[in-house]
Amino acid sequence: MTSPSAAPAAINSYKPDQNTVDWLRERAQFIRLETIRLIDIAKTGHYTSVFSAAEVFSALYYDVMKLRRGEPGWAERDRFTIGKGHAAVGLFPIFADLGFFPKGWLDDYTRLGSPLGDHPDMRKVPGVDFSSGSIGHALSNAIGMTVAQRWTGKDYTVFCMMGDGEMQEGQVWEAAIFAAQNGLGKLIGIVDRNGFQLDGRVDDVMAIEPLDEKWRAFGWEVHTVDGHDISAVTELLRRLRADDTRKQPALVISKTIKGKGVSYMETEPGWHLGWLDPSDAQEAIAEIKSKVI
Amino acid sequence: MNAPKSPNTWQYRELNAKNPGLDHLSNGLIELVKAGHNVVAGSADLKYSNGLNRFAAAYPDRYIAFGISEQNMVSAAAGIATTGVVPFVATFASFLGLLACEQIRMDVAYGGQPVRLIGHHTGISLGFYGTSHHATEDIGTMRSIADLTIVSPSDGPQLEAAIRASADWDRPIYFRIGRGRDPVVYEGSTTFSFGKAHVHGFGEDLTIIACGITVHAALEAAAAMKAEGRSVGVIDMASIKPIDRDAILGAAERSRTHKLMTVEEHNVLGGLGAAVAEVLTDEGKGIKLKRHGIYDEYSLIAPPTHLYAHYKLDGAGIREVAEEFLRS
């Protein structure tokens with residue numbers, strides 16, 4: 001469900017059909033399973049940061065964003081920047097699947113000479129619209145891409161995913177006031193509100209609520225969605241992307257569960273970083289395959 | 001009373017008249033736009049200080065007001081550059097090269113984006129505005145960032161030439177420029193090439209390698225020393241990175257005293273002197289190098305000319321340091 005709710009007719013017109021929902025759900029599962037496979041190669045990685053964002057990744061790359069398979073550099077494409085760059089391990093399988101680079105690259109994830117590391121590098125990996133790894137930059141990168149449409153004449157939408165812990169970075173708010181001041185309606189921010197950062201619960205470490213009111217006060221149109229309800233996520237992002245009348249940037253607070261899909265990861269913040277022994281990996285894979293998220 | 005009476009009275013928006021050297025910044029950018037380059041400019045609330053208000057007046061649609069948000073400005077410029085548009089973003093060097101250092105590393109240089117960073121009022125040129133506004137570390141911070149070109153023009157015409165040359169340089173660039181009150185070294189116009197110094201002669205007694213505002217002062221010092229029979233040359237090392245190794249080695253080979261000197265309004269650690277020292281040691285030249293500048297301390301508060309005299313960075317001061325070095 002989304003809020004604030006727009007006219008029901010408008011919502012319904014963007015509602016994905018059941019086939020699409022099933023497909024996007026399957027792709028989210030694919031993202032989780034590939035994440036387990038790649039992290040097994042690296043022997044360490046950020047499972048849970050991907051698992052909270054898997055439905056949003058699936059909705060964006062397999063439905064909402066304007067992309068061309070095999071053409072990661074297409075000038076008219078929609079862009080995606082990510083502040084929580086450590087979730088890149090969940091994006092690389094998508095990029096390979098979309099033909100942005102050979103699938104074989106995935107098999108050497110993080111090995112010496114691989115273009116694929118824990119954080120994404122735009123100069124090495126086709127499909128990465130901007131490098132990430134230093135938290136707080138991504139929204140600024142996104143506003144640069146959005147504002148540049150004035151001088152390129154290209155028409156696209158820019159999506160930026162930020163972590164909820166990222167809200168503690170001052171640069172985010174510099175970018176937020178710029179985007180509102182410049183009426184960047186083609187910019188859509190997404191906060192993956194999974195509630196955790198490295199040292200613990202976000203609201204214990206450095207509270208960020210009321211997050212919706214903060215963004216609204218900064219001049220953004222704010223929406224909240226259950227980030228694991230693939231139908232609701234897709235519907236909301238489709239509608240925001242299609243709205244040509246909006247003169248302000250939009251922010252989606254995606255309420256998620258860090259580690260969603262593997263039960264013990266959902267309750268232990270230590271799983272921000274880790275590795276599954278092959279026997280545990282098999283059980284995690286079985287659990288992910290057995291559930292409909 | 002509707003207006004002040006004296007014609008000498010001035011307010012902030014009339015500041016450009018006092019900083020004519022900075023006219024060259026806007027002139028260079030206007031020239032690029034006229035030549036068909038998709039160039040835009042932005043500043044962090046300092047368009048009257050850096051003179052970009054002239055560019056903004058000429059091309060209001062190509063100017064971006066970032067407000068007081070240097071980090072956002074740099075990261076956004078990198079985002080702009082991904083689309084093929086070439087952004088020039090400017091603020092005080094003290095903030096650009098330090099406050100936004102990580103954004104420059106991460107988004108501009110590591111990102112490989114051809115952003116043009118303009119750090120102005122560098123060194124101690126902001127005088128009594130205070131040490132917070134002095135930039136005596138920016139060469140050091142910027143020089144250690146891979147894939148970042150550093151240009152330190154000695155005057156307005158050279159700045160304009162460097163901006164012109166940037167049209168054919170697809171790497172990220174940090175321009176370290178003065179306050180716009182710098183004495184003119186190159187009357188009329190000049191040329192600039194990345195990786196090339198402007199050699200004003202090699203000296204058998206001493207060659208002084210300088211950059212920025214200290215080039216004019218070094219030329220003054222050299223002229224005075226030559227008048228007394230010394231053989232003194234000056235190299236304007238406007239291209240700090242890539243540095244002109246041939247010019248440095250040429251000076252070393254011509255030196256009878258086996259002495260060279262560098263001058264910069266920057267900490268003697270990490271700056272031009274350090275860059276020159278690296279070349280000399282790499283090549284095993286056995287040269288004694290006097291690195292003159294700010295000696296690893298925080299600069300004082302005073303009017304700029306008083307500071308240049310105090311730190312022996314004016315013509316007389318450089319001459320004094322050079323003579324002492326030659327006697328040592």
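Predicted model: local features only at pLDDT ≥ 70, side-chain atom pairs only at ≥ 80, totals over all residues.

Author: Let's begin with two helices of chain A. A:Thr20, A:Trp23, A:Leu24, A:Arg27, A:Ala28, A:Ile31, A:Arg32, A:Thr35, A:Ile36 and A:Ile39 of H2(A) meet a set of residues from H3(A), namely A:Tyr47, A:Val50, A:Phe51, A:Ala54, A:Glu55, A:Phe57, A:Ser58, A:Ala59, A:Tyr62 and A:Asp63.

Reader: On to chain B. What is the strand order in its open sheet of 7 strands?

Author: Reading across, you get S2-S1-S3-S4-S6-S5-S10 in chain B, and the pairing is mixed. Strand S2 (63–65) and strand S10 (239–241) of chain B are the edges, each pairing on one side only. From one strand to the next, the twist averages 20°.

Reader: How many bridges join S5(B) to S10(B)?

Author: There are 2, and these strands run antiparallel; S5 covers residues 149–151 of chain B. Look for B:Val151, which stands opposite B:Ser239 in S10(B). A helix also packs on the sheet: H4 (residues 70–81) of chain B, touching strand S1 (39–43) and strand S3 (86–92) of that chain. The direction of H4 makes about 170° with that of S3(B).

Reader: Which element supplies the largest share of the side of chain B that touches chain A?

Author: First the totals: 25 residues of chain B are in contact with 22 residues of chain A. H4(B) gives the largest share of chain B's side, 8 residues. By class, that side has 10 nonpolar, 12 polar and 3 charged residues.

Reader: Where are the domains of chain B?

Author: Domain 1 spans 12–176 and domain 2 spans 198–327. Their C-alpha centres lie 26 Å apart. In chain B, 24 residues of domain 1 are in contact with 26 residues of domain 2. On the domain 1 side, helix H7 (138–143), S5 and helix H8 (156–166) of chain B each give two or more residues. That side divides into 8 nonpolar, 13 polar and 3 charged residues.

Notes
Residues numbered from 1 in each chain as written. Chains lettered and ligands numbered in written order. Contact = placed C-beta atoms within 7 Å. Helix = DSSP H or I, 4+ residues; strand = E, 2+ residues; numbered from the N terminus. Pairing = 2+ DSSP bridges. Axes fitted to C-alpha atoms, helices over the stretch in contact; angles between N-to-C directions. Nonpolar A, V, L, I, M, F, W, Y, C, P; charged D, E, K, R; others polar. Domains from an automatic or database assignment.
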